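Here is a short briefing to read with the model open beside you.

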Amino acid sequence: MTADNQSKTSDEITLKELLLKLGRGFRFILSKGFIILFFGIVGGVFGYYYAAKKKPIYTATTNFVLEDGSSQGGLGNIGSLASIAGINLGSGGGDLFHGDNIIKLYKSRKMVEETLLSEVDFNGKKKLLIDAYIEFNDLKSIWKDNPNLKDINFKEAAAHKNRVRDSIITSIVIDINKNYLFVDKPDPELSIIKVDVKSQNEFFAKEFNDQIVKNVNDFYVRTKTKKSIDNVNILQHKTDSVRLVMNGAIFTAAKVTDATPNLNPTRLSQRVAPVQRAQFSAETNKVILAEFLKNLELSKITLLKETPLIQVIDEPIFPLQVERFGKLKGALLGGILFGFLTILTLTLKRIFKDILN
């Protein structure tokens with residue numbers, strides 16, 4: 001017999017043994033059908049119980065369009081001309097929140113903490129969102145044996161920061177960012193941002209979503225326009241000051257004229273000098289005022305250009321979208337999982353027994 005024939009014979013024997021072992025394994029599993037069925041039923045019961053006890057998850061969703069106003073367009077030419085003339089019109093917040101940075105802002109401790117300490121109306125009573133979080137997570141029962149935690153009042157503690165308060169808020173902020181708050185841009189090509197808040201408490205999900213969207217968007221607008229607003233306020237103050245001086249000079253000239261109605265021609269200096277001085281001051285301030293008014297209007301245009309547009313498309317309304325873990329689904333998954341684990345355990349036990357034999 002040649003080497004090739006021996007190799008073929010060896011392959012045929014190996015395949016035959018494999019098929020025989022598979023057949024024996026299948027018959028072995030069938031012989032244990034009662035045990036597998038029993039544990040499958042036990043798993044189904046556990047799955048059903050888990051699904052019945054698991055609380056539903058409510059999702060509050062806000063979609064909004066963000067236009068940051070950084071594109072130059074036609075208004076950019078005004079800024080360029082003003083720069084040539086030596087006029088500083090400001091540049092708003094620049095690229096501080098360019099691109100996806102606003103998503104990071106939503107996850108920041110400052111914004112989440114500010115939202116948690118926001119007071120909302122719950123069934124006619126004012127309540128902090130952090131108190132609602134503590135209530136539906138039953139943290140008071142966990143803290144009852146700790147004298148530093150059981151009587152903590154976040155309304156009073158807000159004005160007086162301390163280590164205990166900050167440590168509690170830190171742990172809650174971490175949990176919020178990990179399990180409750182989800183911020184994303186569904187389409188990278190579009191400026192639509194989606195904010196989801198998931199919670200077992202429907203009221204908390206909606207109110208937290210509303211408050212954090214409001215807080216973050218307000219902070220975003222204030223920061224983007226801070227320089228431009230400061231510039232407008234400075235120019236407005238200077239414009240009002242110059243106008244006040246100019247009006248004072250005009251009234252001074254009029255008062256001097258009224259005070260000397262029939263002046264002796266030999267004493268014209270008592271009228272002419274004060275009147276001309278007042279008129280000169282008025283004319284000078286008139287020119288300055290015209291420049292300030294022009295610069296003020298340019299600054300206001302720049303402020304409009306720098307102000308981002310945030311338009312809410314969808315906002316959460318009751319009843320919220322709810323995710324429930326079905327009892328039938330829980331029973332089926334529990335039965336399949338326990339049945340698979342039973343088969344795996346019996347198979348491994350049979351293999352080890354064969355090896356030992």
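Helices (H or I, at least four residues) and strands (E, at least two) are DSSP runs, numbered from the N terminus. With that in hand, note that helices α1 (3–31) and α12 (327–356) each give at least two residues to the lining of the largest pocket. This is a predicted model, in which local features need pLDDT of at least 70 and side-chain atom pairs count only at pLDDT 80 or more, while totals for chains, interfaces and linings use all residues. Residues are numbered from 1 along each chain as its sequence is written, and side-chain values use heavy atoms, with hydrogens and water left out.

**The largest pocket**

- On a 1 Å grid over the protein atoms alone, a pocket is an open set of points where a 1.4 Å probe fits, with protein on both sides within 12 Å along at least five of seven lines; lining residues have an atom within 4 Å of a point.
- The largest pocket holds about 270 Å³ of space, a volume being the space filled by probe spheres set on the grid points, which are joined across faces, edges and corners.
- Its lining is made up of K21, R24, G25, F28, I29, T347, R350, I351, D354 and I355.
- By type, these lining residues split into 4 nonpolar, 2 polar and 4 charged. Here Ala, Val, Leu, Ile, Met, Phe, Trp, Tyr, Cys and Pro count as nonpolar, Asp, Glu, Lys and Arg as charged, and the others, Gly among them, as polar.
- S31 also lies in helix α1, and the backbone oxygen of F28 is 2.4 Å from a polar atom of the S31 side chain.
- With a relative accessible area of 52%, S31 is exposed (exposed means over 50%, buried under 20%, partly exposed in between, with a 1.4 Å probe and protein chains only).

- D175, in helix α9 (residues 163–180), is buried but has no salt bridge (a side-chain nitrogen of Lys or Arg within 4 Å of a carboxyl oxygen of Asp or Glu).
- The nearest side chain of opposite charge to D175 is K178, 7.0 Å away; Lys and Arg count as positive and Asp and Glu as negative, with His and the chain ends not counted.
- What does the side chain of D175 contact? Its partner in a polar contact is the side chain of Y133, at 2.4 Å (a pair of N or O atoms within 3.5 Å; within protein, one must be able to donate a hydrogen and the other to accept it, and residues adjacent in sequence count only if both atoms are side-chain atoms).
- Helix α6 (residues 129–136) is largely enclosed by the rest of the structure, because 6 of its 8 residues are buried. They are L129, I130, A132, Y133, I134 and F136.
- After α6 comes D138, which has a positive phi near 55°.

**Salt bridges**

- The count comes to 12 salt bridges.
- K127 pairs with E135, their closest N and O atoms being 3.0 Å apart. K127 counts as buried at 16% relative accessibility, whereas E135 counts as exposed at 52%.
- R243 and D240 meet at 3.4 Å, N to O. They are separated by about one helical turn because they sit 3 residues apart in helix α10 (residues 202–259).
- E291 and K294 form a salt bridge with closest N and O atoms 3.3 Å apart; both lie in helix α11 (residues 269–306), 3 residues apart, about one turn of the helix.
- Salt bridges that share partners also join R109, E113, R165 and D166 into one network.
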